[in-house]
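Here are my notes for you, point by point. Have the structure open while you go through them.

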Amino acid sequence: MSDTPFVANRRQFLATTAAGLAVAGLPRFAIGAPTRIKVGLMLPYSGTFALLGNNITDGFRLRLAELGEKLGGVEVEFVRVDDESAPPKAKDNAAKLIVKDKVDVLIGTVHSGVAEAMVQVAKEEGTLTIVPNAGSNRITRELCAQNIFRTSFSNWQANHPCGDVVLKDGHRNVALISWNYAAGKEMMEAFKESFTAGGGKIAKEFMPDFPKDEFQAYLTEIASIKPDAVYTFFSGGGALKFIKDYAAAGLQGKIPLYGPGFLTDGVLAAAGPAAEGIKTTLHYAHALDNPVNVKFREAFKKATGREADVFAVQGYDAASLLAQGLTAVKGDIGAKKALYAAMEKAEIDSPRGKFTLSKAHNPIQDIYLRQVKNGQEVVLGVAAKAVNDPATGCKA
Ligand code: BEZ
């Protein structure tokens, strides 16, 4: 696709196609509410985040199956785009789903940079969007909007509680390593905020480009500066490589490794003994012993042959949120005001525990402290209760 600005592309598209008439204001359905909605999945199905995109999709589909293949009484048709976690393609990908395919709802995405561009298109077009992963703080801060919802987390939310955890474990001098893009930067900032406020010092920060996974040179330097601990964000294929390289560099057990739980979720089994001892904070843990989670992780395993993880939960909850909204408006996706009001008020009975949404449409949720012990992610406790992102700058 060209990199012509999205708005220009759209005007040309509307002016030259019959489909433009519908987008320009003519009703899609002459009488009553539609019996079928189109859901656009804009997710990574290739690259380092492919396993995240697949688990979000399968989580969404599992919830849909549990609800008899209908949300609020309407059937669902899917259109998918592999966004490749590529920010330069993000606006065109979102425009393809919204303008060309005319989806009613957009579900996406994983990468914060891609999500920020996607959300700007969705805001401009007024398309209902549910973000099932990307933690970009901006999405529920200055970019917040009536039609944008999130069932995952903000980057601040998942990382801020870990500063106190690391301090309580007695570490004062910590090295940071993460990808150099919106999520990596915001996650490191959130950790630093609480860690340095409590007296912690940052030994050094390493920020390789996304999705680089050559870590050897950084690990050699970390070994030479000998921090008390390392704090890191990687996820998917990059996380697996980092965990293995960390152990292979002889750092495992010598310099404790901390991070948000995206580091181990989805890759724990593949990482094997290299993951032992890693401590993380996250809004979900596979081991959570509540009835919704017990049922969910069994059903997900049965449906996919894979273990459930936080990404599957976020996709599952996106379907629950949409179902609650559509039920309230009897399936009428066009009743936007009532639909958004119902979604804003929803209480989601999630595998992570029940949660509600803030005014900025971000989950208010507990953040768990977890540690890998004998190959299992063990829940050590709740690191922070009912964490609410500050939503600074949200005016919607
Ligand atoms: C992000 O880019 O926001 C992100 C990607 C993977 C895991 C968690 C967050």
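1. Start with the ligand: 15 residues surround it, and Val110, Ser112, Gly135, Tyr181 and Ala183 are the closest. A residue gets into this group if one of its heavy atoms lies within 4 Å of the molecule.

2. Before going on, a word on the source: this is a predicted model, where local features need pLDDT of at least 70, side-chain atom pairs count only at pLDDT 80 or more, and totals for chains, interfaces and linings use all residues. Residues are numbered from 1 along each chain as its sequence is written, and side-chain values use heavy atoms, with hydrogens and water left out.

3. Now look at the oxygen atoms of the ligand. A polar side-chain atom of Tyr181 lies 2.5 Å from one, a backbone N or O atom of Gly135 lies 2.9 Å from one, and a backbone N or O atom of Val110 lies 3.3 Å from one. The protein buries 100% of the 260 Å² that the ligand exposes when taken alone (areas by the Shrake-Rupley method with a 1.4 Å probe).

4. Where does the ligand sit? The ligand is in the largest cavity. On a 1 Å grid over the protein atoms alone, a cavity is a set of points where a 1.4 Å probe fits but cannot get out; to sit there, a molecule needs more than half of its atoms within 2 Å of the grid points.

5. The shell around the ligand has 10 nonpolar and 5 polar residues, and no charged ones (Ala, Val, Leu, Ile, Met, Phe, Trp, Tyr, Cys and Pro are nonpolar; Asp, Glu, Lys and Arg charged; the others, Gly among them, polar). At least three shell residues come from each of domain 1 (32–153 + 290–361) and domain 2 (156–282 + 368–387), with bounds from an automatic or database domain assignment.

6. Check the backbone too. Gly108 and Thr109 are joined by a cis peptide bond, with omega about -10 degrees; Thr109 is in the loop between strand 4 (105–108) and helix 5 (112–125). Helices (H or I, at least four residues) and strands (E, at least two) are DSSP runs, numbered from the N terminus.

Notes
A polar contact is a pair of N or O atoms within 3.5 Å; within protein, one must be able to donate a hydrogen and the other to accept it, and residues adjacent in sequence count only if both atoms are side-chain atoms. On a 1 Å grid over the protein atoms alone, a cavity is a set of points where a 1.4 Å probe fits but cannot get out, and a pocket is an open set with protein on both sides within 12 Å along at least five of seven lines; lining residues have an atom within 4 Å of a point.
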